[in-house]
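Me: Could you go through this model with me? I have a few quick questions.

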Amino acid sequence: MELDIFVDKSTVEIFADGGKRVFTLLTYPSEIQTGVSVYSLHGHTQTKITAWPLASVWER
């Protein structure tokens, strides 16, 4: 399964199957909550993660 996940200060958007399925949620983490966890419920899962910063639309 391939997921595209976009995170900013209060929004997480997850796109699965090339955008056929989308999940959006609001979150308000504290300043120290900066990590990400990935886990599998059924057996072993191989993961590959690529991350890059998004440019701010407010700071140009």
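Me: How exposed is Asp17?
Reply: Asp17 is partly exposed, at a relative accessible area of 39%, where buried means under 20%, exposed over 50% and partly exposed in between, with a 1.4 Å probe and protein chains only. This is a predicted model, in which local features need pLDDT of at least 70 and side-chain atom pairs count only at pLDDT 80 or more, while totals for chains, interfaces and linings use all residues. Residues are numbered from 1 along each chain as its sequence is written, and side-chain values use heavy atoms, with hydrogens and water left out.

Me: And where is Asp17 found?
Reply: Asp17 is in the loop between β2 (11-16) and β3 (21-26), strands being DSSP runs of E with at least two residues, numbered from the N terminus. Its phi is near 55°, a positive value in a residue other than glycine.

Me: What does Val38 touch?
Reply: Leaving out residues up to four places away in sequence, Val38 touches Thr47 and Ile49, a contact being heavy atoms within 4.5 Å.

Technical notes. Helices (H or I, at least four residues) and strands (E, at least two) are DSSP runs, numbered from the N terminus.
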